[in-house]
Amino acid sequence: MIRIKCPYCGLRDHSEFNYIGDATKLRPINPELANDDEWFDYIYIRDNPRGVHQEYWQHISGCRSYVKVLRDTVTHEVLKTGLPSDDLLFSYEAEK
Amino acid sequence: MFSKKNKQQIRRLSSGGLIDRSKPIGFKFDGKPLMGYVGDTLASALLANNVKLVGRSFKYHRPRGIYTAGTEEPNALVALRTDARTEPNTRATNIELFDGLEAKSQNRWPNLFLDVMQINNLAGPLFTAGFYYKTFMGMPGWHFYEYFIRKAAGMGSTELERDPDTYDKKNAFCDILIIGGGPTGLSAALSAGRTGARVLIIDSSKLLGGQLIWELDQIDDKPALQWIESALKELNEMKNVTIARRTTAFGYYDSNVVNAIESVSDHLPTPEPHTVRQRLWQIRAQKVIIATGATERPLVFSNNDRPGIMLASAARRYANQFAVKPGNRAVIFANNDDGYKTAVNLAEKGIDVRAVVDSRTYVNEFWKTKLDELGVELILGSAVINTHGHFGLTGVDIASLSSDQKSTSSQSTFISADLLAISGGWSPNVHLYCHAGGRPQYEASIAAFVPGLRSQSEYPAGASNGAFSLIDCITEGTNCGIQLATELGFSKTIFSIPQTDEPSVTPIKALWRIPGKGKKFVDIQDDVTESDIKLAHQEGYISVEHLKRYTTLGMGTDQGKTSNMNGHAIMAEERGEAIETVGTTMFRPPYIPIAMGPLAGRDIGQSYSAKRKSAIHNWHHENGAIFIDAGQWLRPQYYLRNGEANTTQNMDLAITREVKGTRGNVGMVDVSTLGKIDIQGADSSEFLNRIYTNGWTKLAIGKARYGLMLREDGIVFDDGTTSRLSEHHYFMTTTTSNAASVLSHMEYCLQVHWPDLDVKISSITEQWAAMAIAGPKSRDVLQKTIDEEDLSDETLPFMGVKQISIDGIPALIFRISFSGELAYEVNVPADYGEYVWRRIMEKGTTDNIIPYGTEAMAIMRIEKGHVAGGELDGRTTPDDLGMNKLISSKKEFIGRRLLQRDGFLDPKRPKLVGLIPTDGKSRIRTGSILVKDPNASLPMPKLGHVSSGAYLSPTLKHPISLGLITGGSKRIGETVWATSPLHGEINEVKIVDPVFYDKQGERLNG
Ligand SMILES: [Zn+2]
């Protein structure tokens, strides 16, 4: 069991959440102007890092928020959580 | 008066022990009635009755006796209870004796004393490491041999009857979880509890105190039991401290979540009424103190497995806690001080202790003097090199050890004994520490692996941390409790460490194996011998993890609790490497075998998954509905009439009746299961524009529109109608199966992609009951039902939406059609669903209204060529389904960009067509593969597949199907073959337009 801190509901069991996926891929802000490579990267290319990973979990059985989670894929340790607009990796590195 | 009962318990000491002699208990072992006392375990009661032989070994079927007194027991595994409650492989050492207990020995046939498989023992060399793999695996007859091998090597067998007991789950939260209620755990609970921290202390026994329960230590010059009693008294008075007894932590998971099993009723013949058998605890702690103690190891020498040989600590536990003589004539063999404690305890209780054999050459004066006083011979620098006896030990051979411990003197001395108590040192119980992610490190001073770095918030303390003396346990526990409470923000309190009366310790000298011939068991449960490990090494096994799997060392139900350390050390010696280099295998949950019952808890049978019933369910049930599972929903599949039996023939009749009735007059279907999402906010139109492929900004208020949703990769995701109720308010419907994923997708878009949009969405699926009324007479029936409003084409045209009322009940009415008939969908608040349905049925009686189920609904949609789940299969594009007209070129939407990729423009892509068997009657199985020539050589080129179908269209009088085929509508008129090789089906089909019925859509107007 991983425990995840929802920014709205507090520390909760991971069974209340749905795992969504990589949170580092941003949808092209101007879809018309983005080229094929950018679309391809956004839709298909996912890193599978050993270590720190920024990902989305939806608090499906709670407030239904999309929670950004910084998790270590080796230890499963949840290092940081926040809102979709937060850059957790940046603040995590800065705090280190 | 007590003579009869006591005669049986010939090995019971006349006084002492934590048993209640006023409460005798009757029990049966292998059918033989025996007596014990309250406070006994099954193992102690068996020993009291002089039952030495309790099982046969796994591979060699050698006679085995009780080897330990605790959870680590490798031998005394019994089948407990009878019938449906039979519990195989239960450790006799852990079973609290109860009245009427029945246990049977295992792995013997026909009985313990005459076991035909004993032949394996003589065929010994055959059963070496990897024997099964080497001998049978590659042979063609493996399946033939497997049956006999499994029968011969099996542990206990289980019953197939349903478990009559219930199980529960419990969630617990605490600041500090303390696992283990021995001196370390109690000290930690006291010091942490006094700070006010929320403490949960769990222990697997009924009695807290751990090893102190059965040791004769003094604390502050008083018996240790008094210290335990006062500690428990104080803890019981603290409101912030919870004590859970008979509760065993079996796994330490991520985020400091610890799972434990509480044996609520395992000590009773059957659970009390309304009480569960076991309870699964899921404990979420901020900090976890692991105070799980240590386990004594055996020594590895020839024939070290005979009944009558047991761990030194177990021998004194039986004497001290249960007042049982583990033997009449004892020899102690040890490489550390523990054996002396046992020798003294046993001798003081009147047992004839013949000798203490110590492999070391030195021991301190305290023990020498003690043994002298008691008249026990001390043999230093020596070892037991062999044992004698068959069903029970009769004696041991002793020889002196060379200084390098690699050889023994050629002369040996025989000592007659029926008990050999052995101690090879103690291994800290690092299991939970390993589960948490820790890697144990070798500590040479105690010849054992101890916890290393911390990976979560786990804090091993006391014996589980390698601190074996009582004073160290109390000190570490106390300090750890204070430290963690302080870290969590609780204030310090004053405390003191009590005094103990322990003698100084002479260090252990590692002794991993004793030279000699004959079987030297390392893993006594799995019958892994020292020579198996040698063989594995000779065959090139280097890693301990590989050694484990090759020899099965540590793979039994005891998970190598007594054997791993010896096995790994012997491997290290064979490799000529240090133990720290060779390492140890990782322990994984569960720490003890766990039954499936508590893991399932109450989530069994009907409670396994929620059953969703629509608001109209009762009416369906009363009116002959046969239900089908649609996800969690129960939906009427078809309705039987007047007591019709549920046969295939009657099903076909019912479906035909429903389709004909609807197309001929009027029918009604419950569509409450469709996903419904309420959308509000100033940017609602813009939001719909971005998630649907078609345009939404120009949709008039009071109008509905069919919408198509794509995934980002351009594949069709879902479809449904969405209606504009007011300027900024929409009512969306989704397919039943995608209701949850569409909602999540929309939430993702709003929260992640476009948080700037002013849109709020909410699932309203369960708030509204919905029913579709279809057929040429649908308007007449509805007009009769509703209050006042006019339903003419002028006020409610096709794709129109109206807010009306039925008997004063507010209703939303949509003029939409899935069947192709003039049709309406009526939505009312769920609480009125059944009422409104009944009203419409009543009003429709004169028009011969008929309810229809999902089968008739599916047939009518296929007749109309409407796509559904079979076509929206996660592989199709709008173009594949002939829906290009729904793709707006004037705006951006999810999935638009990837629609334009080359792969989607490939003219060979399979596209939607209709299919009819050329013979007009063959049933075409959904999923059949479409090929040009069924006799073509393999691999046969595939043209497409059948995506959905009706075995009979009542309207067209022949089977119809939809399929996806290369070329699509260009092939109309051609014939191909639908094949299902698994079923041996090959049928010729004609390709036709996917709209089979009413191509012009004239029936929509009634
Ligand atoms: Zn939440």
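1. B:Arg316 and B:Asp338 form a salt bridge, with their closest N and O atoms 3.0 Å apart. A salt bridge here is a side-chain nitrogen of Lys or Arg within 4 Å of a carboxyl oxygen of Asp or Glu. B:Arg316 lies in helix H8 (residues 312-322) of chain B and B:Asp338 in helix H9 (residues 338-348) of chain B, so the pair ties together parts that are 22 residues apart in sequence. Helices (H or I, at least four residues) and strands (E, at least two) are DSSP runs, numbered from the N terminus. Both B:Arg316 and B:Asp338 are buried; buried means under 20% relative accessible area, exposed over 50%, and partly exposed in between (1.4 Å probe, protein chains only).

2. A note on the source: this is a predicted model, in which local features need pLDDT of at least 70 and side-chain atom pairs count only at pLDDT 80 or more, while totals for chains, interfaces and linings use all residues. Residues are numbered from 1 along each chain as its sequence is written, chains are lettered from A and ligands numbered from 1 in the order in which they are written, and side-chain values use heavy atoms, with hydrogens and water left out.

3. Over all chains, the count of salt bridges comes to 71. One of them joins B:Asp168 and B:Arg602, at 3.5 Å from N to O. B:Asp168 belongs to strand E8 (residues 167-179) of chain B, and B:Arg602 to the loop between helix H17 (596-600) and strand E31 (612-613) of chain B, so this pair ties together parts that are 434 residues apart in sequence. B:Arg602 is partly exposed, at 46% relative accessible area.

4. B:Glu487 and B:Lys287 also form a salt bridge, their closest N and O atoms being 2.9 Å apart. B:Glu487 is in helix H12 (residues 470-487) of chain B and B:Lys287 in strand E15 (residues 278-290) of chain B, so the pair ties together parts that are 200 residues apart in sequence. How accessible is B:Lys287? B:Lys287 is buried, with a relative accessible area of 12%, while B:Glu487 is partly exposed at 44%.

5. Five strands of chain B make an open sheet with parallel pairing, in the order E17-E24-E18-E19-E20. Two strands pair if DSSP finds at least two bridges between them. Strand E17 (309-311) and strand E20 (377-380) of chain B stand at the edges, each with a single partner strand, so one side of each has no neighbour in the sheet. Within the sheet, strand E18 (residues 329-334) of chain B pairs with strand E24 (residues 419-423) of chain B over five bridges, in the parallel sense. B:Ile332 stands opposite B:Ala421 in E24(B).

6. The largest nonpolar core has 54 residues, and those touching the most other members include B:Phe29, B:Leu101 and B:Tyr318. Such a core is a set of buried Ala, Val, Leu, Ile, Met, Phe, Trp, Tyr and Cys residues joined through side-chain atoms within 4.5 Å. This core draws at least three residues from each of domain 1 (20-135) and domain 3 (298-424) of chain B; the domain bounds come from an automatic or database domain assignment. A second, separate core of 38 residues includes B:Ile859 and B:Phe893.

7. Chain A has two helices and six strands. From the N terminus on, the elements of chain A run β-β-β-α-β-β-β-α. Of the 96 residues in chain A, 40% are buried. The C-alpha trace of chain A spans about 40 × 30 × 20 Å along its principal axes.
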